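User: I have a structure to look at, and I would like to know what the terms used for it rest on. Please set each value against its definition.

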Amino acid sequence: MRIVNEAKALIKENIRDYGMFIALFAIMITFNILTNGMFMSSRNVSNLLDSAGYIAVLAVGMTLVIVIRHIDLSVGYIAGFLGAVAAILLMQQGWSVFLVIPVILILGIVIGLFNGLLIAQLGIPAFVATLAAMLIFRGALLQVTAGTGTIIVQDPFFNAIGNGFIPSVMEINSLHLTTLLIGLIAILFFIYGEVKTRIDRIKYNFEVVSVPIFVLKLIFISLIIGYITYILAGYNGFSWTVIIVLLITMIYHFITSKTVLGRQIYAVGSNPEAAHLSGINVKKVTYIVMGSMSMLAALSGIMYTARLQSATTTAGMLFELDAIAAAYVGGVSSAGGVGKVTGAIIGAIVMASLTNGMNLMGVGISYQYMIRGGVLAGAVIFDVITRKRGK
Amino acid sequence: MAENILEMHTITKEFPGVKALDNVTFQVEKGEIHCLVGENGAGKSTLMKVLSGVYPYGEYEGDIVINGKVQQFNTINDSEDAGIAIIYQELALFPDLPVYENIYIGNEVKNKGVINWNQTIIKSKDMLKKVNLKVKPETLIKDLGVGKQQLVEIAKALSKNVQLLILDEPTAALNEDDSENLLDLIKALKVQGITCIMITHKLKEVVTIADKATIIRDGQTICTLVAKKGEINERSIIKNMVGRELNDIFPKRPEKNIGDTILELQNWSAYDQQLGRHVVRKADIHLKKGEIIGLAGLMGSGRTELALSMFGNPKNYKLKGTLLMNHKETHFKHTSDAIKAGLAYVTEDRKGNGLFLAQNITSNITAANLNGVSNNGILNMNEEVTVAERYKSSIHIKSSSINQLVGKLSGGNQQKVSISKWLFVSPDILILDEPTRGIDVGAKFEIYTVMNELINRGMSIIMISSELGEVLGMSDRIYVMAEGTIKGEIKAEDADQEKVMELATQ
């Protein structure tokens, strides 16, 4: 009984953090039943994650932008434009893919710093500044693709980013070995990290959850990681897209939760004036967040171009709104200062699951938009209500 | 004896935990200029809000009688219908609209719901003539100076056939010419039969203009002085304003150990580019090691602005003059420079710009010194928690845990978090802006105790406070500010309430 009570208290306290996982869980089970198990099949899960990738990286950056009370509407067409530039450099200029990718990412940062200049230095509202950038890059995309139309990319390395899978050394019972190994390492790494944190906290005499709950949590999360790995291993294993998203998530999660910069970002978001008076350089933080956003837009452009194996004249259209929706579903607050990178990833997967599941069921596109709109509104209502109750 | 236009009988207004007005009686005779005087927080503004219907009938006890009839105002519109207009210090004008629209806003000149703009402009010209303001009605408000904007407000009130005009510190933001102009206008309005209540801190104005002056202190009417009887002079007003007994108890300072000068401002001026005026003018102050100096004055006297201007100038004032730290001239480009140089500033408005309410106690305490809990930019969260626990127990922050959100703490505990944040910076100079505003007596005493401990350890403190008792009880020296200038410096042993108030109301 004591364990149950403790678990109940934990869930109640962290409902905002767990809510998103619970929702995702519910969505997955519902679709799996409605599609007779097709939804959770290896092939479909792999597809789903790949189709969410280029929005997920945008959602990570967008979460930070919204945390510091701004917005970035330009990311969609920045992704489209830079994706086209990448295609041109690869196919028409004959650059190596290993040169193209860093150059594109740096271009992204430069564009983001320019957005930052308008917002932080000149005090132009982010909505307007990035709306202008959105129009400019929409035009730029049309301009660079004007002569050729769609640019086909034939570089196998580049295309692997959107379509390829990590190599498998050998297959065991038709399961992808490297994927299984990575999954196993992830589980061990997770357990090691949790145990180390717990030992540290005990050493400092801090409060920790009871042993049974701790073990239960370890087993539960290990099972989830294990299950996803198992499913993916049954198809082609981890795709490069999934690996990129995981890496971005890990890096951004580390920065936001464990570094001075991360703390400064949340401080600026919670109360810019207090942050300034605490000696935090609000402008610098704005530059960094906007720069990182456009760098991720560049990455998103690369991933999308690679996935389509071509740069099209309409690439990037409405990416920004999908990213904003994913960030809000993931629990970011427009009041500033609240929102997690991991939430954004979950938000992106939730939105992609909805599209994917409804496609499998053959739901018409008109209903799909309405349902996704409803889920977005529902997520924000949940957020507002739990926040009020918290007060 | 002339009749009373306004009588307020035994008005009592309570806020949760505070009696803002306690049995206040206030009478205004028709056609007189009546000044309402008292310290910050004495209850003047609350009284005027009761009168104008901001606090509707039923939220207060007592009666409002106008021209012999008991009134029950539920909204501001009700009081306007009864001929009362109130003009706040913060003007309620629309900067991007022309003068004539501002005068008739909410009271449009219309025919069957359609506004007659030509008629509006013609009428507004009459109103402008009445207040002696020579501008075109088409001028935008934002192109006028504060003094002229004030006159537009009065014109707006006159357009509603006002009988009783209430002005809340009308001259606080005006220069001397504009102030004189305004006072002349009020006298002219008196001739036209308009009664005027004026809240002011400038006692010279009271002496020149008032027919009567009512003094309020701690939510009670102290007395009404009458000019004809020769009762209105600065001395008598101050005596009645400050006659409060000092009940606050201050912890004993063990022994004073005052060292060399560590901070000095010479001929220090700050010009606010948004307001378009100087907020600090030619200030000269100095602070010694181990000393508490009190910065006294009324609200809006420029004390907070002075603090901000030396603390890295976050509001981007144009600064003039010299700032010396340890006798060396210093310039701070950013608040972070000031912090590095050993300054810390605990803000007056802890919820507005002091704390991160949506974050927990730990993040708040370490926010100004993240380098103190990190290595190469990576946080050591366990160290952070240790720091937070240390301050929680040493400053007695009462909370369920250090993970509690700061927004959920009481005012006193929020203030302790705010102070802890700055103590963790280990500054040499701590600027405390209204350190005990809105917190209970017990928490106040604890904060005073902490202050004494700090100066014992060699820190120096600048305390900005509107509470005379606190200024007198804690400071070694007192500077009094008014209108952005330092009006005087008093040693603690020579200081009393009258002396401070005399300087503050110059």
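Analyst: In chain B, contacts between residues 24 or more positions apart make up 69% of those with a separation of 6 or more. A contact here means two C-beta atoms, placed from the backbone, within 7 Å. This is a predicted model, in which local features need pLDDT of at least 70 and side-chain atom pairs count only at pLDDT 80 or more, while totals for chains, interfaces and linings use all residues. Residues are numbered from 1 along each chain as its sequence is written, and chains are lettered from A and ligands numbered from 1 in the order in which they are written.

User: What is the corresponding percentage for chain A?

Analyst: In chain A, residues 24 or more positions apart account for 80% of the contacts with a separation of 6 or more.

User: How do you know that chain A is as compact as a globular protein of that length?

Analyst: The globule rule is 2.2 Å times the number of residues to the power 0.38, and the radius of gyration is taken over C-alpha atoms. For 391 residues the rule gives 21 Å; chain A has 22 Å, which is close, so the chain is as compact as a globular protein of that length.

User: How does chain B, with 506 residues, compare with a compact globule?

Analyst: A compact globule with 506 residues would have a radius of gyration near 23 Å, and the 25 Å of chain B agrees with that.

User: What share of each chain counts as buried?

Analyst: A residue is buried if 20 or more other C-beta atoms lie within 10 Å of its own, exposed if 12 or fewer, and partly exposed in between. By that count, 46% of the residues of chain B are buried, and 42% of those of chain A.

User: What makes a set of residues a nonpolar core?

Analyst: The set must consist of buried Ala, Val, Leu, Ile, Met, Phe, Trp, Tyr and Cys residues joined through C-beta atoms within 7 Å. The largest such core has 247 residues, and A:Leu58, A:Ala59 and B:Ile431 are among those with the most contacts inside it. Helix α3 (residues 42-67) of chain A gives the largest share, 15 residues; helices are DSSP runs of H or I with at least four residues, and strands are runs of E with at least two, numbered from the N terminus.

User: Why is this core said to lie between two domains of chain B?

Analyst: Domain 1 (4-242) and domain 2 (261-504) of chain B both give residues to this core, so it lies between them. The domain bounds come from an automatic or database domain assignment.
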